[in-house]
Amino acid sequence: MKDLRYVLLLDCYGSLLTERQRTLLEGYYDEDLSLAELAEPLGISRQAVHDSIRRGERQLEAFEAQMGIAARLRAARALFEKIESLSVSLPAPQRQQIADAAQKGKALF
């Protein structure tokens, strides 16, 4: 079972990985390719792909532990959702202004 939290980590820190690790992780998580599908064009074993993906995941976790960007993005998204849910009690014009601002903010994350 794939741990989809790596998708966000990959978006945040993928450029810090080696090109090969980034390519393998993007293929595995973003394109939902199997280990065999990733290994064949590179002429390597599925085990080598698996090991490289696991090393990349560990690196992504280390980057997150040091920088915390993904956690801040999740917190900001939760705040936008809370603002939207609280805005339903406001008059329609104000509610629309808040909804528009929240949508703009969500687009940033």
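Predicted model: local features only at pLDDT ≥ 70, side-chain atom pairs only at ≥ 80, totals over all residues.

Reader: How many salt bridges does a search of the whole structure find?
Author: Three.

Reader: What makes the contact between Arg5 and Asp3 a salt bridge?
Author: The N to O distance is 2.6 Å. The cut-off is within 4 Å, from a side-chain nitrogen of Lys or Arg to a carboxyl oxygen of Asp or Glu. The pair therefore qualifies.

Reader: What makes Glu61 and Arg5 a salt bridge?
Author: Their closest N and O atoms are 3.1 Å apart. That is within 4 Å, so the label holds. Glu61 lies in helix H4 and Arg5 in helix H1 (residues 5–13), so the pair ties together parts that are 56 residues apart in sequence.

Reader: Which residues are linked in a network of salt bridges?
Author: Asp3, Arg5 and Glu61.

Reader: Why is Arg5 called partly exposed?
Author: Its relative accessibility is 42%. Buried means under 20% and exposed means over 50%. Arg5 falls in between, so it is partly exposed. Asp3, at 29%, is partly exposed, and Glu61, at 30%, is too.

Reader: Is Glu57 buried or exposed, and how do you know?
Author: Buried. Its relative accessible area is 5%. The limit for buried is under 20%, so Glu57 passes.

Reader: What does the side chain of Glu57 contact?
Author: The side chain of Arg54, in a polar contact of 2.8 Å. The pair also forms a salt bridge, with the closest N and O atoms 2.8 Å apart. Both residues lie in helix H4, three residues apart, about one turn of the helix. An α-helix has 3.6 residues a turn, so residues three or four places apart point the same way. Arg54 is partly exposed, at 26% relative accessibility.

Reader: How do you know how the span of H5 compares with the expected one?
Author: H5 has 18 residues and reaches 26 Å from its first C-alpha to its last. The expected span, at 1.5 Å a residue, is 26 Å. The two values are close.

Technical notes: Residues numbered from 1 in each chain as written. Heavy atoms only, no water. Helix = DSSP H or I, 4+ residues; strand = E, 2+ residues; numbered from the N terminus. Expected span 1.5 Å × (residues − 1). Buried < 20%, exposed > 50% of the residue type's maximum accessible area, 1.4 Å probe, protein only. Polar contact = N/O pair within 3.5 Å; in protein donor to acceptor, adjacent residues only side chain to side chain.
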